[in-house]
Amino acid sequence: MMELEQKPSEPCLSPAAFVDQVQYSNILEGRFKQLQDEREAVQKKTFTKWVNSHLGRVTCRIGDLYTDLRDGRMLIRLLEVLSSEQLPKPTKGRMRIHCLENVDKALQFLKEQKVHLENMGSHDIVDGNHRLTLGLIWTIILRFQIQDISVETEDNKEKKSAKDALLLWCQMKTAGYQNVNVHNFTTSWRDGLAFNAIVHKHRPDLIEFDTLKRSNAHYNLQNAFNVAEKELGLTKLLDPEDVNVDHPDEKSIITYVATYYHYFSKMKALAVEGKRIGKVLDYAIEADQLIEKYETLASELLQWIEQTIFTLNDRQLANSLSGVQNQLQAFNTYRTVEKPPKFTEKGNLEVLLFTIQSKMRANNQKVYMPREGKLISDINKAWERLEKAEHERELALRNELIRQEKLEMLAARFDRKAAMRETWLSENQRLVSQDNFGIDLSAVEAATRKHEAIETDIGAYGERVAAVEAVARELEAEGYHEVRRVLARRDNVLRLWEYLKELLAARRERLAAHRDWRLMQDDHGLDAA
């Protein structure tokens, strides 16, 4: 019978200790719930302001994040603003089924954008699920505001995640500022110095950084937020009391800091592009002139893309090794010389469109959107087709290069074999042209045996001649560019072969006649005796 293993007995708690432990557990659970509620409240406020900052571009806004997205209409509008794409029109009606259809259209669009929506359905948003509604907005923020953030340094070319790239950007911009050490998106921002340092780095005229004190966190935060809102036009997504806490909400701070990144990144791009365009264009040029410039450049770039795709899709490749090598060199020249300036033009178009739209907003004009076919998204799709055609062209060239290299090796093999056959055939033609049959019958018999041996050797050599024919046929089948020369040399080998066989047959006849003559001479000699 198996003995049961005895476990050491756990110490028993006294009734008082048990009550204390339960109370302590309840306190911890209550504190955890409080922190969760506080974090959810901050996220709700931040995300609501973020949503309104984009809906404001189409004169829309929401009041409550949990209720105003339930019918799906504002969700569809938000995604249209963020993506600059047209989503399916919302279903009319206020019934639950209409709300579910509209939310589902928004979620389906996100899935088409390859956004992963785990354990989330349209009913969760329609039912006003707090946690999943916040999760949906955070997913949208990640996709349209944070995902494309990238930072490249001179000593580090490896690709970072968007969050790490944003953190690195903050570290680069705040490097050298006293008492600023950004190593996360929570506690590093509590004293407000990091926000002020980022603004001061780009606009030192707006903030007197040296006068700020680390101990006055509330003032620092308020100062940075107010300056960013009034002077830079950045929506005040956070309040000082949201950040100056023991555990600031990471997602809310990332969302707000990302608006700084996008603003200053665009300003930098505009500054660089402005220097180039500023010499040609006067800032007093009317909006329609800038629009005409955008449409002209867009048309020219799209036309170049289509013409290049047509050229890249041409599969009339050179039928020689040197020809394919030249085509491959021309392809590399296209990739390294012709294409990069066009890629720069594509980027300049995006900056130009941003400039146009910024000017029109500043003048309270209806914001220009390029017509269908000339949208930035249309240009990007055309560029993707260009990349695909480029990849297929390179693959075709490299495969043809390998094929031509094999054909050249096969042709070299043919020439070696043909040269050996020609030499052998010529030598044997000289051999069988000699009639040294001997003067007596024994010598003739010996010559006959030797001739038979020669016939055997020559007959066996037919396989080697056939091998030359086989290589020539293969080169002909593969369309080798010097196939005429190959076939001419093959025919020469065959002519030598046939001529050798004719010489051999004629020699046998002469040898047989000589043998018969010797026999007749010997018979006459015997009769005379």
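1. Leaving aside neighbours within four places in sequence, Tyr260 is in contact (heavy atoms within 4.5 Å) with Trp169, Phe195, Ile198, Val199, Ala224, Phe225, Ala228 and Leu234. In this predicted model, Tyr260 is also, with Ile140, Trp189 and Phe195, among the residues with the most contacts inside the largest nonpolar core, which has 75 residues. Such a core is a set of buried Ala, Val, Leu, Ile, Met, Phe, Trp, Tyr and Cys residues joined through side-chain atoms within 4.5 Å, where buried means under 20% relative accessible area, exposed over 50% and partly exposed in between, with a 1.4 Å probe and protein chains only. A second, separate core of 30 residues includes Tyr334, Ile356, Ile379 and Trp383.

2. Helix H4 covers residues 96-112, helices being DSSP runs of H or I with at least four residues, numbered from the N terminus. Its buried residues, including His98, Asn102 and Phe109, pack against helix H3 (73-83), helix H5 (122-126) and helix H6 (130-146). After H4 comes Lys114, with a positive phi near 65 degrees.

3. Asp210, in the loop between helix H8 (193-202) and helix H9 (217-232), counts as exposed because its relative accessibility is 77%.

4. On confidence, the average pLDDT (the predictor's confidence in each residue, from 0 to 100) is 86 for the chain, and 87% of the residues score at least 70. Over residues 1-13 pLDDT stays under 50, and the model has two contacts beyond four places in sequence for them.

5. Residues are numbered from 1 along each chain as its sequence is written, and side-chain values use heavy atoms, without hydrogens and water. Local features need pLDDT of at least 70 and side-chain atom pairs count only at pLDDT 80 or more, whereas totals for chains, interfaces and linings use all residues.

Methods: Helices (H or I, at least four residues) and strands (E, at least two) are DSSP runs, numbered from the N terminus. The expected span of a helix is 1.5 Å times one less than its number of residues.
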